[in-house]
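Please keep the sequence and the 3D view open while reading.

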Protein chains: 2
Amino acid sequence: MKDYISVGLLGSGTVGGGVIKLLEKNAEMITRKVGKEIKLTKIFGRNLEKMSAAYGDAYEYTTNVDDVLNDPEIDIVVELIGREHPAMEYMCQALENGKQVVTANKDVIAHYGKKLFDIAGKHNADIMFEGAVCGGIPIIGPMKSSMAANEIHSIMGIVNGTTNYMLSKMTDEGMDYATVLKEAQDKGYAESDPTADVGGFDAARKAVILASIAFNMAISMKDVDINGIESVDACDIEYASRLGYAVKLLAIAKNDPENGVSISVSPTMIPKKHPLASVSGAYNAVYVNGDAIGEAMFLGLGAGRFPTASSVVGDIMEAARNLINNDKGRIGYACYKEKKICSPENNVFPSYIRLSVLDKPGVLAAIASVFGSQSVSIRNVIQTNERGKTADLVFVTHAVSAANLKMALQILEVLPVVDKISCIIRVEDSSNG
Amino acid sequence: MKDYISVGLLGSGTVGGGVIKLLEKNAEMITRKVGKEIKLTKIFGRNLEKMSAAYGDAYEYTTNVDDVLNDPEIDIVVELIGREHPAMEYMCQALENGKQVVTANKDVIAHYGKKLFDIAGKHNADIMFEGAVCGGIPIIGPMKSSMAANEIHSIMGIVNGTTNYMLSKMTDEGMDYATVLKEAQDKGYAESDPTADVGGFDAARKAVILASIAFNMAISMKDVDINGIESVDACDIEYASRLGYAVKLLAIAKNDPENGVSISVSPTMIPKKHPLASVSGAYNAVYVNGDAIGEAMFLGLGAGRFPTASSVVGDIMEAARNLINNDKGRIGYACYKEKKICSPENNVFPSYIRLSVLDKPGVLAAIASVFGSQSVSIRNVIQTNERGKTADLVFVTHAVSAANLKMALQILEVLPVVDKISCIIRVEDSSNG
């Protein structure tokens, strides 16, 4: 047996580079804590010259991935090339070769997690992915270990930094959606096609991973009710604030013993006193409710070179410990539960609804009677912000099933006095009544 | 080998009872996750009848601790009797018998941690203590695992629920110190002798444990500069608020490469926007700054039957995994670092100082010249709150060494115009300048 643990790295971009530098900087401490040196030996990437210019001659660089995946000397393969393909295939090959795999690839874990865990199980290898959810925040590890004794009731997370940055800006500076998106794009915080972030799809992938671990069941993207922040505007944040709420894009996963598990991503109003309400800018946070622990929250930087490298190298150290101690498969992927997913229309929660309506007498009565006809009861109304011939009419409902609310909205949409349904925001508060 | 893991429990009080009930309630899930049944077999306590009335006839009860400690069938001993003695001796005996030990005893870990870890190492056993710090919050586990790749720069924690409850009440309701202490005692949140909590000693024990893990060094109680909240009054919280700060009792451990490690417990002003500022009531939180992760915070219930049981049973599950996989000593206690402690007088930070002064001309000038003579530079002054012949004079200094500040205060104390030095609060902000 070698007197060190050999690591092969796929991808030397932002996070890959962070992993290289972190392993170098804290080498002595890492060796002390693990019991053996962790030696990065080979790096796979596209451009040999660029890599050696960036990271020096301590490593062997290759453009042929098999040099890493099939090297019998390599113990741990770290996948940081991103995207689904060929990253997934590379990880499969590494696992089939009996190697430990560490990844920060949320796309692959969200879409092919089950497949990879099965292969890992068959070949007695570990696959670890702390860096795939919320960058530096330790959340997968604590759920699998320190919090493992809990039946988890719910998870609510701010898991997308781009939208949290945008909503924070809208809140603090009253900026409108289009302006803040433009600014985020100019600063490189949002992609030129921002759909994955603002549409809630990135958050949904993280929700899938978190919910799978929390509820011990295999969950897939199609189980998630995904709603983006595109229709939220500065005025909605202002109305919410008047009612005592902050607006956040939340991934919410709940395990209701009767209705089953519901998973959604939606712009959500939460009371300003809730710990999630003050998580701003690039910070992410995951709020967990378990039967023993009660409520706990994990906050940190959701992305970035070194925060993510922190999680990846932490996983490399765990994977190395498992190797050294002959303890691979130590914490398996325990998705043993029968999957019962609550269909979105059976989901029950209060909602905020902003309607643009004609500014004339009798409008409020007409709309209220539609809500009443569909058993949607109202707990707050705000009427302000006149805009020429139309006005904003804001309702906050009591808890209502998504199906009933949808019916009411369908009727409202064709009501002559309603110009349009401008914005719908989920409401989460302690009572939720 | 038995087809289950056998657990013996010492102590069936609040937390012990929680552990019994949690192991019962989530038995199936725990078995699934660990791979073997975890079977609580024997319980040691003082009163056989009371125990069997409370927990039924599934367990063997004993008043003789050796029945548990020396039982060759028992794999894991869970110590929940509290206090230092004989809990420490029981744990030593269990470790010497090769048993895995799980405890929530902060007193023993803070005072005898090194001794116990040495015995555990010698006998190839594990000692786990997630429940000893901040009840349900997973913080020891993440520091040893997910965050293990980080050089930790600093830890700031709200680690005492009683004082956080009191300071929250004083903040929200403007109650004075004596009234809120009385109320906390009446409600059972504070002891009749509240010194351990309000004097900062409980927090100091947790600071010792957290700093030892964070900085990989053996730290003891005498290394901690301990200051309680006794002199903080409603007016101080009000002045702090006007300056944009909240007041919390913080355990602060910093690793300065030049001056060494400083560990203190003090009432501290932190900017209202800091994530710790909004942690209120019975919640605890630990805020970590590491070289890779950046800033991260862990929040949860700092005490209580089930939150603490959550941590204890999580540790039992880890201890069981180590047993099953023949992986004891997996994560050792890595206090390999040479200990260099910064002496309190070399500590440099800004302070808030409230003086009760005679209300006459020239007082401010006299005091300001004393500060100036000791190189204490001032960044804020508030003068208000007249009380007959005396007035409050509040200063916030720039960062200054504790030695210089102490000199200035010694001179002020005997200055004829100064009635008394009413309150001193540490200030922590991003600049700290």
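## Two chains and their axis

Chain A can be laid on chain B with an RMSD of 0.0 Å by a turn of 180° and a shift of 0.0 Å along the axis; for this, copies are superposed by least squares on the C-alpha atoms of residues with pLDDT of at least 70 in both. That is the relation of a two-fold axis. The C-alpha of chain A nearest the axis belongs to Phe298(A), 2.4 Å from it. Both copies use the same surface, as 100% of the contact residues of chain A recur in chain B; contact means heavy atoms within 4.5 Å.

This is a predicted model, in which local features need pLDDT of at least 70 and side-chain atom pairs count only at pLDDT 80 or more, while totals for chains, interfaces and linings use all residues. Residues are numbered from 1 along each chain as its sequence is written, chains are lettered from A and ligands numbered from 1 in the order in which they are written, and side-chain values use heavy atoms, with hydrogens and water left out.

## The interface

How many residues of chain A are in contact with chain B? There are 53 in chain A, in contact with 53 residues of chain B. The two chains bury about 4,500 Å² between them, 49% of it on carbon and sulfur atoms. Buried area is the accessible area (1.4 Å probe) that two parts lose on being put together, summed over both.

Six salt bridges are found across the interface of chain A and chain B. A salt bridge is a side-chain nitrogen of Lys or Arg within 4 Å of a carboxyl oxygen of Asp or Glu. Glu318(A) and Arg330(B) form a salt bridge through their side chains, at 2.8 Å from N to O.

## The parallel sheet in chain A

Chain A has an open sheet of six strands in the order β3-β2-β1-β4-β5-β6, with parallel pairing. Helices (H or I, at least four residues) and strands (E, at least two) are DSSP runs, numbered from the N terminus, and two strands pair if DSSP finds at least two bridges between them. At the edges stand β3 (60-62) and β6 (127-128) of chain A, each with a single partner strand, so one side of each has no neighbour in the sheet.

Strand β2 (residues 37-44) of chain A is joined to β3(A) by three bridges and runs parallel to it. Tyr61(A) in β3(A) is the bridge partner of Ile43(A).

## Strand β5 in chain B

Which way do the side chains of a strand point? In a regular strand they alternate between the two faces of the sheet. From strand β5 (residues 100-103) of chain B, Gln100(B) and Val102(B) point one way and Val101(B) and Thr103(B) the other, and all are buried. Buried means under 20% relative accessible area, exposed over 50%, partly exposed in between (1.4 Å probe, protein chains only).

Strand β4 (residues 76-79) of chain B runs parallel to β5(B) and is joined to it by four bridges. Ile76(B) stands opposite Gln100(B). The chain crosses from β4(B) through helix α5 (residues 87-96) to β5(B) in a right-handed β-α-β crossover: with the strands pointing away from the viewer, the path from the first strand over the helix to the second runs clockwise. Two bridges pair β5(B) in the parallel sense with strand β6 (residues 127-128) of chain B, where Ile127(B) stands opposite Val101(B).
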